[in-house]
Amino acid sequence: MLLSHDYNSRRSSVASQSRNIRATVLKNMFKKIAFTRSTLKKALLVLFFGALTSCLLLYWNDSSESPKPSTSMSMSFYNTHVVDGSLESLVGGDTVRASAIPISPVERSWTYKCVNNRCVRHHFVDGVEEDFETGNSVHQQSPQQPHGGGGAGSSSTNSAGSSGRRIPYTTCTMTCGPINIWPQPTGATTIGSKTTRFRLSDMHAKIVTNFEPVEKLLREAYEVLRSEVRGAMASHGATLEEMEGAVPAGTVPAGVPVPSPSEQRVATEVNDAATAAGKRVGAASAGSSAADAGVGKIHFFKLVSDKRYDVDAFEVNIHVEKSGDTHLTLHTDESYNMTVTHSARVLIVKITANTFFGAKHGLTTLQQLIWFDDEERTLKVLNKASIEDVPKFNYRGLMLDTSRHYFTVDSIKRTLVGMSHSKLNRFHWHITDSQSFPLVSKHYPQLARYGAYSEREVYTPDDVRELAAFAKVRGIQIIPEIDAPAHAGNGWDWGPKHGLGELSLCINQQPWSNYCGEPPCGQLNPKNNHTYLILQKLYEELLELVGPLDYFHIGGDEVNLECWQQHFNDSDMRTLWCDFMLQAYHRLQLASGQNATSPRMVGVWSSGLTSAPCLSKSVFAVQVWGGSKWPENFQLINSGYSLVISHVDAWYLDCGFGSWRSTGEGACSPYRNWQTVYKHRPWEEMKLTSLQMRQILGGEACLWTEQVDESILDSRLWPRASALAERLWTDPTEERYSESVPLEVYNRMSVFRNHLLELGLRAEPIFPKYCAQNQDECV
């Protein structure tokens, strides 16, 4: 038996080799045939005795256990192959962990057909033979038919009956009906319905750019794509052989010669017999522990034939020629063009963009054209496409509050992954509030020491730097916020002990309803210079960790004038607020060093004070969080301010879960479903002119976390934040007074939600699974 552990060997086409080369390969193979036959005989003897022993053990275990209730259908008909998504668990091949939760169970009882541009579900029984002894489903497939209508090497997947194969739901939805890309491209887009089967090991990137930092980031982004595709395959129970088209590394015994790619092709028939024997033995011993499969043991894999795939090369060509900027700004060009072509067993993707960020979005779109077919057990990609795409708004944000509950770095990374695939580009990190101060400052560690929930529930500088790098390669800018002057209590109460005076006032003061919007209270002292110095150092640290930034958020919302008034009753409270905000902005400029990396625009939350004339319209942007009908929307537009829209009645994702306290207004309602998020188009409701539209920077969904912790983070965000993403990227127009979104949007959202699940996000369902399997029947 010939074994190989070369993951990266690329098999050149036999047809392209000359007769002399083939003759030489055959001659070399015949020289080794004696060794091969001897090895094969020995292996078959070992396999035979191993199978006999396994059968005896199985019989003994079966007879010693209590009898199991009989069923009319073997339960192994359903998918029991579950993995944890890590490559380590796949080293031994088909690893089954009974304790794991199946992520994407194979729907072996159903096949799908494209009828009138929609996928129709049918029972699938023909062509499947159940093996009740081994618990495996054996698919009786007709011989491979020539690929028709799709060009060289392309597959048509719209009919199950002609090939004897089941058509999985994902394959049908990707090849039937409207384009399945989220968010929907804005420019001229045509995508074919023919597919190409390929190996991940045959996929390679060629990056063309004159800017070394851009090339480095694109290389990292491409590797992220490959890693996520592997993870998606793992979620469908793919083995390592299926992922890479090769046998596991480290499994070839010493002394066994490794054949060349040409010899592997000639040796396929020799390996077929041994592989079949190995499968029979593996089936007989399927109950063995998963821990027994690992590196160093011999696993008899069939050398995957080229006939299983349609291409020998999958080339991803990425061109970035205009800009070497790797830092996102409000004026960054995020457009991209992409083409996909296929001929002569080569698939070519070309992505052109003016910036890294545009090219990254192109890779994200490409990834949505790729999926794992759980019937053919291969990756597939739509092999003909032309896409022109550019976002409507440059600011497409998501805010997460990490003060009311702490969220681990890993959970924030999951959030960034969801943002990247939704093409959201600004992560507004509301790090601190009056409840806790989890940020560890190198200049003022007392803030976290007195303000964090525990020593482990903190973000160190290394954590922040790691998250910034993680976000950057995914096309996302982190915008940190240290809320001030209000929402600053716990963590700021150590000033008197260290000779700095009262840094914050009204901390935990009761009755809280007199001094703040929700407990606990706390508001920075506007007349203590040490307070401003601490803010300056915090800004300096954050800019160093996540910068450079052209947009920075300094808070400014829900200032309680009564809190200040009990300490400064001789002052004009509005003027005091203006002085604080201007001083905070001045400290931000000092922190950035007055250089080119200084933030050009500063964000503040809307309130009754933001309309004060003290804030410059050319410097301050207002994040409008009030209701979409509130007068402040028009007042701020008419005053000339730039806006980031986060209307509470549409884009607050924490609403609708009831009050969390017994007094006061502790909840906003009702629940904002994804349709509400999607349909909210405030610029249309406000009837803004084209000139006023220039003042709309974009929008942001907000998740305040009074009733949210890490256990439910994903489901609160996704896929609702993705609905916002399409509103801000594509801004589709619908019937103004329609109460629902179009049917095709439901179908695309359902497919994208499954994509998020493959990425490891626990996105909430948008309707019963029956509705996903039966398009258009429920909506």
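Is C506 buried or exposed, and at what relative accessibility? At 6% relative accessibility, C506 counts as buried. The close-ups below all come from a predicted model.

**View 1. C506 and C563 are joined by a disulfide.** The S to S distance here is 1.9 Å. Looking along the link, the S-S bond of C506 and C563 has a torsion of 110°, and the link is right-handed. C506 sits in the loop between β17 (504–505) and β18 (523–524), while C563 belongs to helix α13 (residues 561–565), so the bond ties together parts that are 57 residues apart in sequence.

**View 2. C114 and C176 make a disulfide.** A search of the whole structure turns up 7 disulfides, and in this one the sulfur atoms are 2.1 Å apart. The pair links distant parts of the chain, with C114 in strand β1 (residues 110–115) and C176 in the loop between α3 (169–175) and β5 (189–191), 62 residues apart. If you check the torsion about the S-S bond of C114 and C176, you get about 75°, so this disulfide is right-handed.

View 3. C119 comes from strand β2 (residues 118–123) and C172 from helix α3, so a strand and a helix get tied together across 53 residues of sequence. The torsion about the S-S bond of C119 and C172 is about -110°, so this disulfide is left-handed. Both C119 and C172 are buried.

**View 4. C702 has no cysteine sulfur close enough for a bond.** What is the closest cysteine sulfur to that of C702? It belongs to C655, and at 9.9 Å it is too far away for a bond. With a relative accessible area of 0%, C702 is buried.

**View 5. Strands β6, β12 and β11 build an open sheet.** The 3 strands follow the order β6-β12-β11, and the pairing is antiparallel. β6 (195–198) and β11 (370–373) stand at the edges with a single partner strand each, so one side of each has no neighbour in the sheet. From one strand to the next, the twist averages 35°. Zoom in on β6 and you find 4 bridges joining it to β12 (residues 378–382), the two strands running antiparallel. For a handy landmark in that pairing, look for R197, which stands opposite K380 in β12. As a reminder of the background, strands of a sheet pair through backbone hydrogen bonds, either parallel or antiparallel.

**View 6. Helices α12 and α14 pack against each other.** α12 (residues 529–546) and α14 (residues 573–592) meet at an angle of about 45°, with their axes 8 Å apart. That angle makes α12 oblique to α14, and the crossing is right-handed. On the α12 side, the residues making the contact include Y532, L533, Q536, Y539 and L543. On the α14 side, F580, Q583, A584, R587 and L588 are among them.

Terms used
Residues are numbered from 1 along each chain as its sequence is written. This is a predicted model: local features need pLDDT of at least 70, side-chain atom pairs count only at pLDDT 80 or more; totals for chains, interfaces and linings use all residues. Side-chain values use heavy atoms; hydrogens and water are left out. Two strands pair if DSSP finds at least two bridges between them. Axes are lines fitted to C-alpha atoms, for helices over the stretch in contact, and angles run from 0 to 180 degrees between N-to-C directions. A disulfide is a pair of cysteine sulfur atoms within 2.5 Å. Buried means under 20% relative accessible area, exposed over 50%, partly exposed in between (1.4 Å probe, protein chains only). Angles under 35 degrees count as roughly parallel, over 145 as roughly antiparallel, 65 to 115 as roughly perpendicular and the rest as oblique. A crossing is left-handed if the near helix is turned anticlockwise from the far one by less than a right angle, and right-handed if clockwise. Contact means heavy atoms within 4.5 Å.
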